[in-house]
Amino acid sequence: MAGSEAGSEPGPSPPPASDWGRLESAILSGWRTFWQSVGKERAARTASREEAGEESSVLTRLPVDVQLYILSFLSPYDLCQLGSTNHYWNEIVRDPILWRYFLLRDLPRWSSVDWKSLPDLEILKKPVSEVTDSALFDYMAVYKMCSPCTRRALKSSRPMYGAVTSFLHSLIIQNEPRFAMFGPGLEELNTSLVLSLMSSDELSPTAGLPHRQIDGIGSGVSFQLSNQHKFNILILYSTTRKERDRAREEHTSAVNKMFNLQLEGDDQQRSRYSVIPQIQKVCEVVDGFIYVANAEAHKRHEWEDEFSHIMAMTDPAFGSLGRPMLVLSCISEAHVKRMPCFYLAHELHLSRINHPWMVQDMEADTLTGFLNGIEWILEEVESKRAR
């Protein structure tokens with residue numbers, strides 16, 4: 001059975017030097033032996049269907065581990081539907097082993113995760129023996145919390161008074177939402193995200209060429225989404241164009257001029273940074289932040305420094321509390337292997353941030369995923385203004 005499952009869902013071998021690759025290989029290894037472990041770890045159910053007054057069938061007379069293996073081929077939605085048929089199946093479909101399997105299988109495929117739905121990475125590392133006691137962890141609840149389908153359903157079920165409030169609020173003349181865009185994905189990818197934005201048909205720039213805001217390292221562009229929503233993006237680079245080109249040619253890292261080092265980090269604590277005065281003025285006036293992360297799987301990261309830069313940029317001392325942050329988990333093109341967004345969220349320590357955030361997968365050449373992210377951050381800004 002384990003061989004059949006591994007054959008139906010082949011996983012590409014991860015690059016040995018990748019941070020994500022090491023975790024991925026561990027997950028895939030556990031996945032391939034998952035169903036072998038089920039038969040060893042699961043105890044037979046003691047409650048009989050006759051005692052429950054339910055008719056038995058060929059399927060229910062199979063060993064429990066075989067039933068779980070068969071159920072693993074259903075979608076989570078179909079599984080919940082099956083659980084509503086009778087007491088026996090309601091108990092079986094809640095099995096934590098089954099829902100842990102769904103998490104292992106589906107979580108790396110999901111294209112977005114946010115501050116309300118990020119699961120604890122440690123739950124994926126638990127041995128199967130710790131999963132068999134459903135009292136220890138409700139994997140079904142975790143799956144539902146993390147699933148993009150659940151988040152979309154919750155979004156579509158917004159109360160009517162909320163929609164009315166937003167409509168009335170939209171009648172009040174507001175300035176265009178402004179976002180500060182920064183991060184290594186702006187400079188390290190082979191495809192320029194900014195050039196793709198400037199040539200997009202769906203996301204047309206309304207201000208022509210970029211209007212220079214900060215000499216050398218920043219510029220601002222106004223965009224219009226779906227001929228309705230206008231917003232402004234202040235694009236902030238770590239250094240000048242000339243220095244970035246030189247660093248790319250020499251395969252070195254350019255010195256980041258957006259930040260000043262305040263405290264050198266060591267094994268006990270991370271480095272602390274502050275933004276330069278020009279960037280601080282930008283942080284004081286923006287409504288939110290867009291962090292462009294390099295999500296290509298072969299890339300090695302200085303995660304602690306990236307987190308420190310994010311903390312310096314989003315410091316509430318420079319603006320209002322609760323401003324949202326969109327993290328674009330960006331790759332150059334679709335064929336490039338990426339690290340999953342949930343892994344990137346964990347490595348960036350986003351759970352430590354005390355304001356709304358979302359990580360959205362995207363491709364720089366086609367802008368796939370970008371509109372989903374922009375719609376989210378615009379809704380967050382609108383909601384914040386309404387409050």
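1. Let's start with the inside of this predicted model. The largest nonpolar core has 64 residues, and the members that touch the most others are M313, M325, V327, L344, L350, W357 and V359. The top contributor to this core is helix α7 (residues 96–106), which supplies six residues. Both domain 1 (57–155) and domain 2 (178–263 + 270–386) put at least three residues into this core.

2. Pick out L350 if you want a place to look around. Which residues does L350 contact, once neighbours within four places in sequence are set aside? They are I310, M325, V327, A345, W357 and V359. There's also a second, separate core, with 30 residues, V194, I235, V292 and L367 among them.

3. Now back to α7 and its partner, helix α9 (residues 139–146). Their axes come within 8 Å and cross at roughly 30 degrees. Angles under 35 degrees count as roughly parallel, so α7 and α9 are roughly parallel to each other.

4. What holds the contact on each side? On α7, look for P96, W99, R100, F102, L103 and D106; on α9, find Y139, M140, V142 and Y143. Sorted by type, the residues of this contact come out as eight nonpolar, two charged and no polar.

5. Finally, zoom out. The protein has 18 helices and eleven strands, and 47% of its 387 residues are buried. Take the contacts between residues at least 6 apart in sequence: 69% of them join residues at least 24 apart.

Technical notes
Residues are numbered from 1 along each chain as its sequence is written. This is a predicted model: local features need pLDDT of at least 70, side-chain atom pairs count only at pLDDT 80 or more; totals for chains, interfaces and linings use all residues. Side-chain values use heavy atoms; hydrogens and water are left out. A nonpolar core is a set of buried Ala, Val, Leu, Ile, Met, Phe, Trp, Tyr and Cys residues joined through side-chain atoms within 4.5 Å. Buried means under 20% relative accessible area, exposed over 50%, partly exposed in between (1.4 Å probe, protein chains only). Helices (H or I, at least four residues) and strands (E, at least two) are DSSP runs, numbered from the N terminus. Domain bounds come from an automatic or database domain assignment. Contact means heavy atoms within 4.5 Å. Axes are lines fitted to C-alpha atoms, for helices over the stretch in contact, and angles run from 0 to 180 degrees between N-to-C directions. Angles under 35 degrees count as roughly parallel, over 145 as roughly antiparallel, 65 to 115 as roughly perpendicular and the rest as oblique. Ala, Val, Leu, Ile, Met, Phe, Trp, Tyr, Cys and Pro count as nonpolar, Asp, Glu, Lys and Arg as charged, and the others, Gly among them, as polar.
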